[in-house]
Amino acid sequence: MTLSPVFRSDDAVRLLAEHGVWTRMAGDMEAQADAVRRLYRDLEGLLGEEFRKEPPHVPSASEVSSEAGLNFLQEYFFLILFRSIFASLGVPEERLRFYTELNFCIKGTITAADNIFDDQAKTLLPLAEQSGARFMSILQLMSFERLLRGVLDRGEQAGVLTREQGAEVQRGLLNRMAAIGTLEGSEEGGVDDIPPPEEMVDSVHRVRGGALFALAFTAPSLLEEGEIGSKLQAAERAVAQLGTAFQIVDDLTDFEFDVGRRSHNLLVAQIHHLGSGPERAAFRGFWTGKAMESGDVEHLFGESARAVLERAYVEARESFKGLQDVGFWFDPALADDVVRAIVGLDGVARMAAISAPE
């Protein structure tokens, strides 16, 4: 999983607009957009023009309600959310700018690595098309490594951190990413064991989702002290829970893909250990190679899917309550709506079917 684009459906967009979320995030969106623009410029000094293309338009805060602004908010929602959390806790502007640039590099690095694991070709940089999707991901990885080094250098020059602290941030990021990557690597050949749901949430989802979201707190946890530092620790725990909820939802929408490659999936665990007799019987065929058809999850595994969705609700409710406790403005009452909305377009119909009253 990556910090993927979210809130793709019209209902999701309308939900956040009606509750003022998009408007409240306009300033943080502008700051994230500025960071993206700066790193696009940095790339021009790092990579030859034959490997780059014209950067896409990066919208300003005045375009928050435009199609371009909405697309940017959807792509970078979680980074914008993280910056908004940092700002609400009182992090000074200069360090906010540093964290905003750094988190773009983290998102890009994770995206490129995820591409290699999943044979995909998503990119956050204006790279010219070259032959080989895997090479493009490797080029993106190398580019973000150099961009991240530049962000650390710029932070040092601005007095945001020392060289020693920069090395500590790099080491912390690499160790955290390695822990997440170790889980991903353990599934390269598929898995045979299916842990019980509680065990899977703790050993898989709190790493693949929770630890992934917590990457944004690597630098702040090292640099912020006093009351801000204490609040950041609580906020990091809450954000990790949100990442866990997001990964649980991801399992619901990626069920067919995960079964096909035999990777850990919470719906698989729910069906295998706690599902009804008919659910388990149907699942055995798919786990041994039978092809799935559209609608099978909703029609055959609805009971287990709703139980998995409820786990996501619990994690998200606790997450937003924890953020509220440290002074963040997001209304915890929106937690369930956010869970149903954090899917791509291909997951909208499934979430609607699963969450509909029986």
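Modeller: Let us start with burial: a residue is buried under 20% relative accessible area, exposed over 50%, and partly exposed in between, with a 1.4 Å probe and protein chains only. By that definition Phe 98, at 3% relative accessibility, counts as buried, and Tyr 99, at 1%, is buried as well. Please note that this is a predicted model, in which local features need pLDDT of at least 70 and side-chain atom pairs count only at pLDDT 80 or more, while totals for chains, interfaces and linings use all residues. Residues are numbered from 1 along each chain as its sequence is written, and side-chain values use heavy atoms, with hydrogens and water left out.

Colleague: How is a pair of aromatic rings described?

Modeller: One gives the distance of the centres and the angle of the planes. Rings of Phe, Tyr and Trp (its six-membered ring) pair if their centres lie within 6.5 Å; planes under 30 degrees apart count as stacked, over 60 as edge-to-face, and the rest as tilted. The count here is 19 aromatic pairs. Phe 98 and Tyr 99 form a tilted one, with 5.7 Å from centre to centre and 55° between the planes. Phe 255 and Phe 301 also make a tilted pair, at 5.7 Å and 55°.

Colleague: Which parts of the chain does the pair of Phe 255 and Phe 301 tie together?

Modeller: Helices and strands are DSSP runs numbered from the N terminus (helices H or I, at least four residues; strands E, at least two). Phe 255 lies in helix H12 (residues 255-261) and Phe 301 in the loop between helix H15 (296-300) and helix H16 (302-325), so the pair ties together parts that are 46 residues apart in sequence. Both Phe 255 and Phe 301 are buried.

Colleague: Where do nonpolar side chains tend to be in soluble globular proteins?

Modeller: They tend to be buried together. A nonpolar core is a set of buried Ala, Val, Leu, Ile, Met, Phe, Trp, Tyr and Cys residues joined through side-chain atoms within 4.5 Å. The largest such core has 108 residues, of which Phe 7, Phe 78, Phe 98 and Phe 104 touch the most other members. Helix H11 (residues 226-253) supplies the largest share of this core, ten residues. Phe 78 and Phe 98 also belong to one aromatic cluster, whose members include Trp 22, Phe 77 and Tyr 99.

Colleague: How many salt bridges does the structure hold?

Modeller: A salt bridge is a side-chain nitrogen of Lys or Arg within 4 Å of a carboxyl oxygen of Asp or Glu. The structure holds 30 salt bridges. One joins the side chains of Arg 83 and Glu 93 (3.1 Å, N to O). It links distant parts of the chain, with Arg 83 in helix H5 (residues 77-88) and Glu 93 in helix H6 (residues 93-118), ten residues apart. Arg 83 counts as buried at 7% relative accessibility, whereas Glu 93, at 51%, counts as exposed.

Colleague: Why do residues three or four places apart in an α-helix point the same way?

Modeller: An α-helix has 3.6 residues a turn, so such residues point the same way. Arg 97 and Glu 101 both lie in helix H6, four residues apart, about one turn of the helix. Their side chains meet in a salt bridge (3.7 Å, N to O). Arg 97 counts as partly exposed at 42% relative accessibility, and Glu 101 as buried at 3%.
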